[in-house]
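These are my notebook entries on a structure that I had not examined before. I record what I looked up, in the order in which I looked.

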Amino acid sequence: MPTIFDELLERFQAYLAGVDSDLVADEVARIGWDMPVRSLEPRAIDCLGLLDRIAELAPTNARPLARFVADHRAELRWGQTYTAADFGQGFIDNYGWLEVFGTRGHFVNDAAAGGLLILGPGIIYPDHHHIAEEIYIPLTSGTEWRMGEGNFHIRDAGEVIHHASNVSHAMRTGTEPLMALYLWRGGPLAQKSIIGSGGKG
Ligand SMILES: [Fe+2]
């Protein structure tokens, strides 16, 4: 019998397999998908009420993953790297992530991390950067993304966004919540991002 964690990983991988991008295909091919499960206690966070709206907003190809996560939210271990001291309580109430695999997620992988980020509507995730190289794919549309010193651009669900090591980036949600799939490689995989537009931005 596959567990819900097996199915989570399978749906995560199945979504990625359908993304038409050489960058994503190369990264997917590098990931060792035969990962040991890690036993984790579930942990809830305040923004999980957004998951039903996110599952409605997700396009057809992302809906199986988004719906599954919404249906099984109480069995999963949700995390937050920041505290209210970083960006305020309003941010903390509307932010969190699920690490599917990595150095602390539901599956063990020391070379790459993958998961899902949630941001509520009307949230600014200010400039931040980290050593790991990152690929983001929004699963809901309408969030504005900025990289380096560039302007904010609205990104649609399914667009592939690549942040090289230490390049700063920021997000600004609109009237709807964001769910974005992320992949990290090449740095400390549980690093708390450095806040500010330092780095190579
Ligand atoms: Fe990032």
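**Entry 1: the open sheet**

I began with strand E7 (residues 143-147), which pairs with E8 in the antiparallel sense over 3 bridges. Strands, labelled E, are DSSP runs of at least two residues, numbered from the N terminus, and two of them pair if DSSP finds at least two bridges between them. Glu144 has Ile154 in E8 as its bridge partner. I then traced the open sheet to which these strands belong; its 5 strands follow the order E8-E7-E10-E5-E12, with antiparallel pairing. Its edge strands are E8 (153-155) and E12 (194-195), each of which pairs on one side only.

I note the basis of these entries: the model is predicted, local features need pLDDT of at least 70, side-chain atom pairs count only at pLDDT 80 or more, and totals for chains, interfaces and linings use all residues. Residues are numbered from 1 along each chain as its sequence is written, and side-chain values use heavy atoms, with hydrogens and water left out.

**Entry 2: strand E2**

I asked how many residues of E2 are buried. The count is 8 of the 8, so E2 is largely enclosed by the rest of the structure. Buried means under 20% relative accessible area, with a 1.4 Å probe and protein chains only.

I next listed partners of E2. Strand E3 (residues 107-108) runs parallel to E2, joined by 2 bridges, and Gly102 stands opposite Val108.

**Entry 3**

E6 runs antiparallel to strand E11 (residues 178-185), with 6 bridges between them, and Ile137 faces Leu181 in E11. E6 also pairs in the antiparallel sense with strand E9 (residues 161-163), over 3 bridges; Tyr136 has Ile161 as its bridge partner.

Which residues coordinate the iron ion? I found His130 (NE2), Glu134 (OE), Glu134 (OE) and His169 (NE2), at 2.1 to 2.5 Å. Glu134 lies in E6 and His169 in strand E10 (residues 169-172), so the pair ties together parts that are 35 residues apart in sequence. Both Glu134 and His169 are buried. Donors are N, O and S atoms within 2.8 Å of the metal (3.2 Å for Na, K and Ca); water is not among the atoms, so sites may look incomplete.

**Entry 4: the cavity**

I searched the whole structure for cavities of 30 Å³ or more and found 1. A cavity is a set of points, on a 1 Å grid over the protein atoms alone, where a 1.4 Å probe fits but cannot get out; lining residues have an atom within 4 Å of a point. The largest cavity has a volume of about 230 Å³, a volume being the space filled by probe spheres set on the points.

Its lining has 18 residues, of which Thr81, Trp97, Arg104, Tyr125 and Trp184 lie nearest the centre. Two or more lining residues come from each of E2 (95-102), E4 (112-119), E5 (124-129), E6 and E11. E2 gives the most, with 3 residues.

Note on methods: Helices (H or I, at least four residues) and strands (E, at least two) are DSSP runs, numbered from the N terminus. Buried means under 20% relative accessible area, exposed over 50%, partly exposed in between (1.4 Å probe, protein chains only). On a 1 Å grid over the protein atoms alone, a cavity is a set of points where a 1.4 Å probe fits but cannot get out, and a pocket is an open set with protein on both sides within 12 Å along at least five of seven lines; lining residues have an atom within 4 Å of a point.
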